[in-house]
Amino acid sequence: RTEEPWRPFNSSRVYMADLESALHYSLRVELADHAVIKGDALIALKNYISVLAKYFPGRPVVTNLLKSLNSWLQNQTADHISYKGFKETVDDTPQVLDAALPEGVRWVGCQGSQPHFRGYPCGVWTLFHVLTVQASNTGGSDPKEVLKAMRNYVHHFFGCRYCAEHFENMAKEGLDEVNTLISAVLWLWSHHNQVNNRIAGALSEDPLFPKIQWPSPEMCPSCHTVKFNGEHGWNKEQVLPFLGSYFSSSRILTDYLE
Ligand code: FAD
């Protein structure tokens with residue numbers, strides 16, 4: 001693999017290039033491992049694409065593609081689909097419709113200091129934070145819709161299998177408590193922090209991007225409090241608007257797009 005030039009970025013912003021790269025990798029690389037998709041995996045795929053079609057706050061050309069992919073998929077009535085058919089729909093939904101997903105990955109905020117660091121898993125987290133916030137801002141109907149789609153996508157398809165297992169255990173225990181769109185945003189934030197905590201210092205950690213309890217006090221001073229016993233606490237009344245703004249569609253940067 002030829003080294004790509006480093007792309008300077010603002011580490012407190014979300015980049016559309018990371019979100020589109022995650023979609024490319026998910027739809028054209030990760031799913032390609034499954035020649036035939038059926039049963040619960042097919043339901044998981046349908047729900048994932050449906051959530052993307054509803055909430056991905058992308059460029060029109062990309063959201064058009066997600067919507068036509070969703071219509072195609074929801075119209076598949078057989079008990080299985082072939083990945084080949086799915087891929088053809090991703091790639092050949094004709095330009096007539098002005099619908100396309102750019103090929104390849106261009107990691108920006110998710111760049112790693114080495115090619116094996118960050119990238120896709122970072123893109124997946126970012127994508128789902130954006131989707132929970134988007135569902136919350138646009139008044140989605142089912143508070144668990146996005147998290148269930150994430151849980152089942154990860155369970156059936158996420159390439160890091162032990163990550164998927166860990167995440168499934170977390171989701172099994174905690175998803176019941178999510179009964180509002182706001183609590184879905186907070187659930188993903190706090191469980192992402194649990195993962196950060198568990199894997200801080202692991203070999204998979206990019207030394208240039210150490211795992212922290214996020215957001216740092218520098219990024220959001222008012223998100224942090226000290227409890228009466230001296231322990232660190234989160235001020236969720238401040239965390240929520242912080243997440244709402246950080247991941248909001250209107251703040252996503254479009255640098256480095258093709
Ligand atoms: P990431 O953790 O990928 O985060 C991406 C970006 O999101 C960060 O740069 C930051 O801007 C922001 N962010 C960080 N924390 C939060 C938060 N709490 N809320 C909102 N935004 C935040 N790796 C393992 O080694 N073991 C595992 O068990 C494991 N399980 C995983 C489960 C899932 C579902 C996923 C998607 C990934 C998992 N990974 C696991 C990978 C790991 O979590 C990281 O994605 C990877 O190490 C890259 O880390 P990163 O530095 O890019 O930050």
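A residue is called buried if 20 or more other C-beta atoms lie within 10 Å of its own, exposed if 12 or fewer, and partly exposed in between, with the C-beta atoms placed from the backbone. Keep that rule at hand for this talk.

What you see above is a predicted model, in which local features need pLDDT of at least 70, side-chain atom pairs count only at pLDDT 80 or more, and totals for chains, interfaces and linings use all residues. Numbering starts from 1 along each chain as its sequence is written.

Tyr-256 is partly exposed, because 18 other C-beta atoms lie within 10 Å. Tyr-256 belongs to the segment after H9; helices here are DSSP runs of H or I with at least four residues, strands are runs of E with at least two, and both are numbered from the N terminus. Its phi is positive, near 70°, in a residue other than glycine.

Ser-250 is also in the segment after H9. Ser-250 counts as exposed because it has 7 C-beta neighbours inside 10 Å. From Ser-250 to Val-108 there are 142 residues in sequence and 18 Å in space, C-alpha to C-alpha.

Now the loop between H4 and H5. Arg-118 is found there, and it is buried because it has 21 C-beta neighbours inside 10 Å. Arg-118 is not a glycine, although its phi is positive at about 65°. Leu-97 is placed in the loop between H4 and H5 too. Why is Leu-97 exposed? Because 12 other C-beta atoms lie within 10 Å of Leu-97. Leu-97 touches Asn-64 and Ser-68, leaving aside residues up to four places away in sequence; contact means that two C-beta atoms, placed from the backbone, lie within 7 Å.

Next, the core. A nonpolar core is a set of buried Ala, Val, Leu, Ile, Met, Phe, Trp, Tyr and Cys residues joined through C-beta atoms within 7 Å. The largest one has 58 residues, and Tyr-48, Leu-131, Val-146 and Ala-184 touch the most other members. Among the elements that give two or more residues to this core are helix H1 (16–30), helix H2 (39–55) and helix H5 (120–138). H5 provides the largest share, 9 residues. Tyr-48 touches Ala-149 and Tyr-153, again not counting residues up to four places away in sequence. In soluble globular proteins, nonpolar side chains tend to be buried together.

On to a helix pair. The axes of H6 and H7 come within 9 Å and cross at roughly 145°; such axes are lines fitted to C-alpha atoms, for helices over the stretch in contact, with angles from 0 to 180 degrees between N-to-C directions. On the H6 side, Arg-151, Val-154 and His-155 meet Ala-164, Phe-167, Glu-168 and Ala-171 in H7. These contact residues divide into 4 nonpolar, 1 polar and 2 charged. Ala, Val, Leu, Ile, Met, Phe, Trp, Tyr, Cys and Pro count as nonpolar, Asp, Glu, Lys and Arg as charged, and the others, Gly among them, as polar.

Trp-214 is joined to Pro-215 by a cis peptide bond, with omega about 0°.
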